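Please look over the sequence and the structure shown here.

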Amino acid sequence: MYTEFLLQALSLIGGLAFFLYGMNVMGDGLTRLSGGRLERILEKLTDNRIKAVLLGAGVTAVIQSSSATTVTVVGFVNSGIMKLNQAIGVIMGANIGTTVTAQIVSFDLTGMAPLALGIGILLYLFAGNEKYKQVGEVFIGFGLLFTGMESMKLAVSPLAEYKGFT
């Protein structure tokens, strides 16, 4: 019993580490890849609250994770790509997009994490062009982020069976 709990706790911690590291790698890759263009694009897409909310809802509906959207936006704010007032609308939209996500059940992006990691690693290791390496870095971050989320989900799923926890 104790070893099972310990393994679940380590799995949760490992998943959290993958998630946070993936967010960091993806944010850094996007920052280097954009070279200032991403900042201008996000500025145009979030210059008013309605557009920002629609962007957040759309991105969340596509990737099916308001957590990933929120974490990415926080990473953008942290790296200076977005301002806080832009991020607020996108995060509101992400919460709205969560309800839309329930309608889009055909996509399962957690299964795409190994593919994203594979593509990213190949690009990062073997691309001669620096831009392709940066794209590979974004793919690696995306894959790590979703691998971490899946690992945390699996680690805490047995808690639903414990009466003391519920």
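## Glutamate 137

Glutamate 137 has a relative accessibility of 13% and therefore counts as buried, the cut-off for that class being under 20%. In this predicted model, glutamate 137 belongs to helix α7. Apart from neighbours within four places in sequence, glutamate 137 is in contact with Val25, Asp28, Gly29, Arg32 and Tyr124.

Lysine 133 lies over the face of tyrosine 124, and the distance to the ring centre is 5.8 Å.

## The aromatic pair

How many aromatic pairs does the structure hold? There is one aromatic pair. The ring centres of phenylalanine 142 and phenylalanine 146 are 4.7 Å apart and the ring planes meet at 55°, so the pair is classed as tilted.

Phenylalanine 146, at 3% relative accessibility, counts as buried.

## Glutamine 86

Glutamine 86 is part of helix α5, residues 84-101. With a relative accessibility of 4%, glutamine 86 counts as buried. Which residues does glutamine 86 touch, not counting those up to four places away in sequence? They are Leu42, Glu43, Thr46 and Ala52.

The side chain of glutamine 86 has two polar partners described here. The side chains of glutamine 86 and threonine 46 are joined by a polar contact of 2.9 Å.

## Leucine 115

Leucine 115 is located in helix α6. Its relative accessibility is 46%, so leucine 115 counts as partly exposed. Where does glycine 143 lie relative to leucine 115? The two residues are 28 apart in sequence, and their C-alpha atoms are 7.6 Å apart in space.

## The chain as a whole

The protein chain has seven helices and zero strands, and along the sequence the pattern reads α-α-α-α-α-α-α. Of its 166 residues, 37% count as buried. The chain exposes about 9900 Å², and carbon and sulfur atoms supply 70% of that area. Taking contacts between residues at least 6 apart in sequence, 73% join residues at least 24 apart.

## Confidence

The protein chain averages a pLDDT of 80, and 87% of the residues score at least 70. Where is confidence lowest and where is it highest? Confidence is lowest in helix α2, residues 37-45, where the mean is 78, and highest in helix α6, residues 113-126, at 90. Helix α6 is also the helix that holds leucine 115.

Key. Residues are numbered from 1 along each chain as its sequence is written. Side-chain values use heavy atoms; hydrogens and water are left out. Rings of Phe, Tyr and Trp (its six-membered ring) pair if their centres lie within 6.5 Å; planes under 30 degrees apart count as stacked, over 60 as edge-to-face and the rest as tilted. Buried means under 20% relative accessible area, exposed over 50%, partly exposed in between (1.4 Å probe, protein chains only). A charge sits over a ring if NZ of Lys or CZ of Arg is within 6 Å of the ring centre and within 35 degrees of the ring normal. Helices (H or I, at least four residues) and strands (E, at least two) are DSSP runs, numbered from the N terminus. A polar contact is a pair of N or O atoms within 3.5 Å; within protein, one must be able to donate a hydrogen and the other to accept it, and residues adjacent in sequence count only if both atoms are side-chain atoms. Contact means heavy atoms within 4.5 Å. pLDDT is the predictor's confidence in each residue, from 0 to 100. Accessible areas come from the Shrake-Rupley method with a 1.4 Å probe; for residues, only the protein chains shown count as cover.
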